[in-house]
Amino acid sequence: MIILIGNQKGGPGKSTIALLLANFLTQVKKHQVTLIDMDYQQSIAQMYSRAKILDSPPPYEVVAANLEQFEQIKPILSRNPDMIFLIDLPGKLDDDGLIPLFQNADLVLCPFAYSELSFDSTILFSVVLKKIKPDISLVFIPNRIKATVNYRTKSDVEHQLSQFGNITPAIPDRIDFQRITTVSTPINVQPLVIAVFSQIYADYIKR
Ligand SMILES: Nc1ncnc2c1ncn2[C@@H]1O[C@H](COP(=O)(O)OP(=O)(O)O)[C@@H](O)[C@H]1O
Ligand SMILES: [Mg+2]
């Protein structure tokens, strides 16, 4: 199974969601996972090489790659039907290298924030994705939600996004999210995300 984590822009929490899902699938659901880091910052791949020095063996493998290498790795993906491949995408849309990834994905997760700027790039991402693969399962994850902010556009945003896919419960903005690693999710973050990943698991991953 191939799960992409993407949005048009950097910053909505793609790499964070990729790590949270990888940790959830390996630790809670005991699945085999490989995380493919295609973001140019390679933040997850760098974190993984540091962790590998300290912890052995790692709960899942992280592979650094770029969009162009997808055709090369594709045969490996189809040879491992039990493995869940999570691909952290770069925050861009103007690259034809995304087309084969969109075509081969089983599920796309799209983290976003309830701001106008984030909304436009989320809609653009969804339109392009659905144009390339109309029957793709697309799931929106509201992230970094601040309890003190009154999101006036919230219901409007949800109405628009629901035409493209499902929306999970929201993930709050908490400083502890900076402590998520390729080895574990901090214990106080786990209850904040369990509803999100249990829903995604039940609806799209569990066979
Ligand atoms: N729910 C959250 N609460 C607080 N900080 C968050 C949350 N989600 C992500 N972050 C932080 O926001 C920054 C951007 O997140 P990141 O996952 O790197 O975004 P992207 O991969 O989409 O560019 C990181 O510093 C990350 O730790
Ligand atoms: Mg990233």
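This is a predicted model: local features need pLDDT of at least 70, side-chain atom pairs count only at pLDDT 80 or more; totals for chains, interfaces and linings use all residues.
## The chain as a whole

Let us start with the overall picture. The chain has seven helices and seven strands, and reading along the sequence gives the pattern β-α-β-α-β-α-β-α-β-α-β-α-β-α. The radius of gyration is 16 Å, close to the 17 Å that the globule rule gives for 207 residues, so the chain is as compact as a globular protein of that length.

How much of the chain is made up of buried residues? They account for 36% of the 207 residues.

Now look for the strands. Seven of them form an open sheet with parallel pairing, in the order S3-S2-S4-S1-S5-S6-S7. Which strands stand at the edges? They are strand S3 (61-64) and strand S7 (166-167); each has a single partner strand, so one side of each is left without a neighbour in the sheet.

Helix H1 packs on this sheet, where it touches S1, strand S2 (32-37), strand S4 (83-88), S5 and S6. The direction of H1 makes about 165 degrees with that of S4.

## How neighbouring strands pair

You can follow the pairing strand by strand. S2 pairs with S3 in the parallel sense over four bridges, and one place to look is aspartate 37, whose bridge partner in S3 is alanine 64. S2 also pairs with S4, again in the parallel sense, over six bridges. Here valine 33 has isoleucine 84 in S4 as its bridge partner.

Elsewhere in the sheet, strand S5 (residues 107-112) and S6 are parallel partners over six bridges. To find a spot in this pair, look for proline 111, which stands opposite isoleucine 141 in S6.

## Two loop residues

Two loop residues are worth a visit. Glycine 11 sits in the loop between strand S1 (2-5) and helix H1 (14-28). Why does glycine 11 count as partly exposed? There are 15 other C-beta atoms within 10 Å, and partly exposed residues fall between the cut-offs of 12 or fewer for exposed and 20 or more for buried. The C-alpha atom of glycine 11 is separated by 8.2 Å from that of glycine 91, although the two are 80 residues apart along the chain.

Threonine 153 belongs to the loop between strand S6 (137-142) and helix H6 (154-161). Is threonine 153 buried or exposed? It counts as exposed, because it has 12 C-beta neighbours inside 10 Å. Leaving out residues up to four places away in sequence, threonine 153 touches Tyr114 and Glu116. Serine 115 is 38 residues from threonine 153 along the chain, and their C-alpha atoms are separated by 7.7 Å.

## Around the ligand

Finally, turn to ligand 1. How many residues surround it? There are 15, and the closest are Gly13, Lys14, Ser15, Thr16 and Phe177. What classes of residue does this shell contain? It has three nonpolar, eight polar and four charged residues.

Key: Residues are numbered from 1 along each chain as its sequence is written. Chains are lettered from A and ligands numbered from 1 in the order in which they are written. A residue is near a molecule or strand if its C-beta atom, placed from the backbone, lies within 6 Å of it. Ala, Val, Leu, Ile, Met, Phe, Trp, Tyr, Cys and Pro count as nonpolar, Asp, Glu, Lys and Arg as charged, and the others, Gly among them, as polar. The radius of gyration is taken over C-alpha atoms; the globule rule is 2.2 Å times the number of residues to the power 0.38. Two residues are in contact if their C-beta atoms, placed from the backbone, lie within 7 Å. Two strands pair if DSSP finds at least two bridges between them. Axes are lines fitted to C-alpha atoms, for helices over the stretch in contact, and angles run from 0 to 180 degrees between N-to-C directions.
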